[in-house]
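Take a look at the fold below.

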Amino acid sequence: MDKIDRKILSLLQKDATMPVAEIGRKVGLSTTPCWRRIQKMEEDGVIQRRVAVLDPAKVNVGVTVFVSVKTNEHNEAWMRKFSGVIDEFPEVVEFYRMSGDVDYLMRVVVPDIHAYDTFYKRLISKINLTDVSSAFAMGQIKYTTALPLDFAIVVDDDK
């Protein structure tokens, strides 16, 4: 990856629908070399997919709940089972295995508290959990899907 690739990624993170010709113009490349770079980053898995970012309120999932899970099960088989259970819940938009006091953390989006209660009851009917703690987000202060690119390893293209 060089500085031009990083610029391309920055532009795509802001607007994945931007035409390749426009991206090329902004990074100082013609369309074909710019397209080849994008294709290479897709093949290499740097660009995993291109998506539309939706307004949660407009699709009726305006309530965000952070769900902390503790378990007494700490083995590969149980972790795979739990992961499979979570795959069945579209309300879970992020799911992490954690260090520290909490074993797993989920970000769940639902229309309201009643929908969260329904989600919770379905979850605990499918798998045994030691402790579940829910924190409702009161407001979103910052949200982005853009990753910081300052840490991306860039080859010295000035040589």
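Predicted model: local features only at pLDDT ≥ 70, side-chain atom pairs only at ≥ 80, totals over all residues.

Contact here means heavy atoms within 4.5 Å. What covers the buried residues of α4? The cover includes β1 (63-70), β2 (92-97), β3 (104-110) and α5 (113-126).

Which residues of α4 are buried? They are W78, F82, V85 and I86. These residues share one side of α4, because they cover an arc of only 100° around the axis. The spacing fits a general rule. An α-helix has 3.6 residues a turn, so residues three or four places apart point the same way. The face turned away from the buried side of α4 carries R80 and D87, which are exposed.

At the N-terminal end, N75 caps α4. A side-chain oxygen of N75 lies 3.3 Å from the backbone nitrogen of A77.

Now the sheet. Four strands form an open sheet in the order β2-β3-β1-β4, with antiparallel pairing. The edge strands are β2 and β4 (131-136), each of which pairs on one side only. From one strand to the next, the twist averages 20°. In general, strands of a sheet pair through backbone hydrogen bonds, either parallel or antiparallel.

Take the pairs in turn. β1 and β3 are joined in the antiparallel sense over seven bridges. Here V65 has V108 of β3 as its bridge partner. β2 and β3 are also antiparallel, over five bridges. F95 stands opposite M106 in β3. The hairpin of β2 and β3 has six residues between the strands. Within this hairpin, G100 takes a positive phi near 90°.

How does the helix sit on the sheet? α4 lies across β1, β2 and β3, and runs at about 170° to β2.

E91 is found in the loop between α4 and β2. Is E91 buried or exposed? Its relative accessible area is 17%. Buried means under 20%, so E91 counts as buried. What is E91 in contact with, leaving aside its neighbours within four places in sequence? The partners are R107, V108, V109, V110, F119 and R122. V108 is also the bridge partner of V65.

Methods: Residues numbered from 1 in each chain as written. Heavy atoms only, no water. Buried < 20%, exposed > 50% of the residue type's maximum accessible area, 1.4 Å probe, protein only. Helix = DSSP H or I, 4+ residues; strand = E, 2+ residues; numbered from the N terminus. Arc of directions from axis to C-beta. Polar contact = N/O pair within 3.5 Å; in protein donor to acceptor, adjacent residues only side chain to side chain. Pairing = 2+ DSSP bridges. Axes fitted to C-alpha atoms, helices over the stretch in contact; angles between N-to-C directions.
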